[in-house]
Protein chains: 2
Amino acid sequence: MAKTATKHRFLRACKRQKSNTPVWFMRQAGRYMEVYRKLREKHTLLELCRDPELACEVTMQPIRRFDLDAAIIFSDILLPLEPLGVPFEFAKGEGPVIARPLRTKEDVDRLRAFDPREELGYVHEAIRLTVRALEGRVPLIGFCGAPFTLASYMIEGGSSRNYLHAKRMMYHQPETWNKLMETVSGVLAAHLEAQVEAGAEALQVFDSWVGALSPEDYREFVLPHSRAVLARARATGVPVIHFGTGTAGTLELLKEAGGDVIGVDWRIPLDEAWRRLGNDVGVQGNLDSVLLMAPAELLRKRVLDVLQRAGGRPGHIFNLGHGILPETPPESLDVVIETVRAFKP
Amino acid sequence: MAKTATKHRFLRACKRQKSNTPVWFMRQAGRYMEVYRKLREKHTLLELCRDPELACEVTMQPIRRFDLDAAIIFSDILLPLEPLGVPFEFAKGEGPVIARPLRTKEDVDRLRAFDPREELGYVHEAIRLTVRALEGRVPLIGFCGAPFTLASYMIEGGSSRNYLHAKRMMYHQPETWNKLMETVSGVLAAHLEAQVEAGAEALQVFDSWVGALSPEDYREFVLPHSRAVLARARATGVPVIHFGTGTAGTLELLKEAGGDVIGVDWRIPLDEAWRRLGNDVGVQGNLDSVLLMAPAELLRKRVLDVLQRAGGRPGHIFNLGHGILPETPPESLDVVIETVRAFKP
């Protein structure tokens with residue numbers, strides 16, 4: 001396969017131009033790969049993120065192993081927290097834990113709106129190294145978390161079941177909430193801009209927790225902030241993917257917030273999602289990650305189902321509905337990729 | 001307010017007959033009430049469930065305190081597990097924990113299809129006592145978990161993030177999965193029938209975890225079993241509410257599985273949900289439970305929004321999108337109820 005054709009496939013789809021369906025996987029660099037696990041024996045997750053050469057190496061691991069249409073820089077949506085003044089650590093088996101969650105106006109006033117070019121420069125350096133390592137084979141995607149997902153992490157202090165503290169701040173201290181969201185949004189937008197300057201050819205904004213919200217709460221407390229980040233991201237000139245999970249009831253609002261491509265999870269049929277989103281955006285998705293644990297025959301059938309629902313329409317990017325799980329057999333990615341490559345709508 | 005009018009309001013809405021909008025709350029008996037917390041100092045949750053007089057007392061607590069249109073028997077969806085041969089306990093702050101989760105064909109073969117009239121007779125006795133205590137003030141709702149939610153509890157061994165084990169059984173051992181679902185479904189249907197015999201005037205089936213599934217998985221592995229339970233429930237002659245969370249992408253399939261009324265969570269606008277469901281079912285919902293923690297003014301505004309989206313259409317039952325949280329101030333329920341009562345479409 002010609003390098004330029006592969007490169008163009010993903011970017012063409014982002015712009016809804018005719019192309020064969022591109023395929024990449026959220027969290028395609030990670031624990032399901034043995035080469036990654038070996039590196040993790042020697043380094044923590046944050047060490048890998050903060051060392052540009054290691055981050056580049058990890059980003060390249062799946063590119064070497066699989067016939068993918070895009071690379072995504074190895075990084076973490078929580079990296080902006082520490083320079084904001086909210087240190088955290090990854091507790092074993094529990095995910096991120098924040099020692100002092102934000103709860104009051106004073107907590108929010110203490111946040112430090114920093115310059116990502118300085119404090120997150122290692123991510124941008126990793127992007128520069130990776131663009132060089134990719135030698136134009138496939139485009140590199142830069143990313144960040146969406147303001148809601150980051151703000152709720154900081155308020156809840158980790159993952160959450162009901163988002164009680166975050167919603168309480170919205171409802172009882174809307175000014176404090178908005179100030180928090182504005183501070184976070186400014187940092188995120190600048191971080192995305194710096195990723196494009198460093199060579200990222202597309203961006204993805206992850207609103208992983210947005211499914212906790214009612215449409216009304218999203219519209220009132222979140223949409224204006226996501227829109228601000230997405231507008232600055234699009235102003236860089238590269239295509240922007242806006243992804244969330246649990247969004248089957250709020251898809252139209254995610255589109256209203258912005259993005260050239262809307263990423264949808266596995267909880268809604270792709271054709272139904274696209275019909276509701278309309279013709280003027282692309283759609284990324286939407287295979288359940290757990291299907292990568294299924295027998296090849298069932299996996300193939302479900303990949304075909306997604307492809308048929310997309311119907312070869314320009315603007316479909318094949319992906320999962322969320323990230324690859326550590327238990328995934330790598331061979332399943334080959335099955336998916338082969339099925340996508342063989343598909344004729 | 002005349003007792004018969006109140007009673008009829010909920011049942012009329014279940015049948016999509018003209019009535020003022022009825023209101024009740026999922027988990028309206030529970031830790032947010034001081035009288036309940038006092039009882040819980042002396043008894044475990046399971047003790048309250050298994051003692052018909054205590055279960056009746058707890059069921060009546062919110063009926064005495066609030067102007068509600070329905071009572072729901074105090075019970076737990078997991079009660080069928082122990083007689084099935086799957087003992088569990090409520091670990092502190094962690095929810096139910098099952099010591100030996102089901103994983104293999106042999107595990108499923110060992111399940112014991114029991115007669116709920118014998119082993120869960122205390123629930124039916126509690127219903128008889130409660131019907132007497134209610135003196136016709138409001139109808140009493142009986143309930144059970146849906147087969148998927150119960151089966152996944154038994155397979156995962158507790159609550160789950162990705163439902164990896166449950167989905168693996170579906171994908172790799174479909175016969176074992178179907179046998180498990182059939183066994184559970186038979187028990188659940190008989191349990192619902194016995195609740196109606198004991199005096200329940202409506203039923204609700206809780207598929208609390210169904211939001212983990214893609215539409216395709218729901219259709220292939222779950223729908224036929226839910227349909228079997230719902231069909232037997234409806235054959236009793238009382239109205240049946242089919243509730244799930246995270247169903248914005250699968251609403252039509254939940255309706256296909258059955259139910260006179262479909263319960264929807266807070267993640268989708270009520271009018272959009274009802275438009276998709278069509279005119280031949282009622283809709284129950286759909287205020288975010290966390291809004292009960294909001295200032296009264298915002299709470300009122302959001303209750304009105306739900307009511308206006310329902311537009312006074314026959315068949316709307318006002319409720320939350322999931323259960324009341326323990327942190328809820330009881331006064332918030334008064335605000336909701338007053339707003340519902342005052343509403344003129």
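This passage looks at one strand with its neighbours, and then at a pair of helices, in a predicted model.

Strand 6 of chain A has a partner in strand 5 of chain A (residues 202-207): the two run parallel and are joined by 5 bridges. Within this pairing, A:L203 has A:V240 as its bridge partner. To get from strand 5 to strand 6 of chain A, the chain passes through helix 12 (residues 215-235), making a right-handed β-α-β crossover.

There is also a pairing with strand 7 of chain A (residues 261-263), which runs parallel to strand 6 of chain A and is linked to it by 3 bridges. Here A:H242 sits opposite A:I262 of strand 7. The link from strand 6 to strand 7 of chain A goes through helix 13 (residues 251-257), and this β-α-β crossover is right-handed too.

Turning to the helices, helix 9 (residues 147-156) and helix 10 (residues 164-172) of chain A have axes that come within 8 Å and cross at roughly 105 degrees. The two helices are therefore roughly perpendicular to each other. Helix 9 of chain A brings A:A151, A:S152, A:I155 and A:E156 to the contact, and helix 10 of chain A brings A:H165, A:A166 and A:M169. Sorted by class, this contact has 4 nonpolar, 2 polar and 1 charged residues.

Notes:
Residues are numbered from 1 along each chain as its sequence is written. Chains are lettered from A and ligands numbered from 1 in the order in which they are written. This is a predicted model: local features need pLDDT of at least 70, side-chain atom pairs count only at pLDDT 80 or more; totals for chains, interfaces and linings use all residues. Axes are lines fitted to C-alpha atoms, for helices over the stretch in contact, and angles run from 0 to 180 degrees between N-to-C directions. Helices (H or I, at least four residues) and strands (E, at least two) are DSSP runs, numbered from the N terminus. Angles under 35 degrees count as roughly parallel, over 145 as roughly antiparallel, 65 to 115 as roughly perpendicular and the rest as oblique. Two residues are in contact if their C-beta atoms, placed from the backbone, lie within 7 Å. Ala, Val, Leu, Ile, Met, Phe, Trp, Tyr, Cys and Pro count as nonpolar, Asp, Glu, Lys and Arg as charged, and the others, Gly among them, as polar. Two strands pair if DSSP finds at least two bridges between them. A crossover is right-handed if, with the strands pointing away from the viewer, the path from the first strand over the helix to the second runs clockwise.
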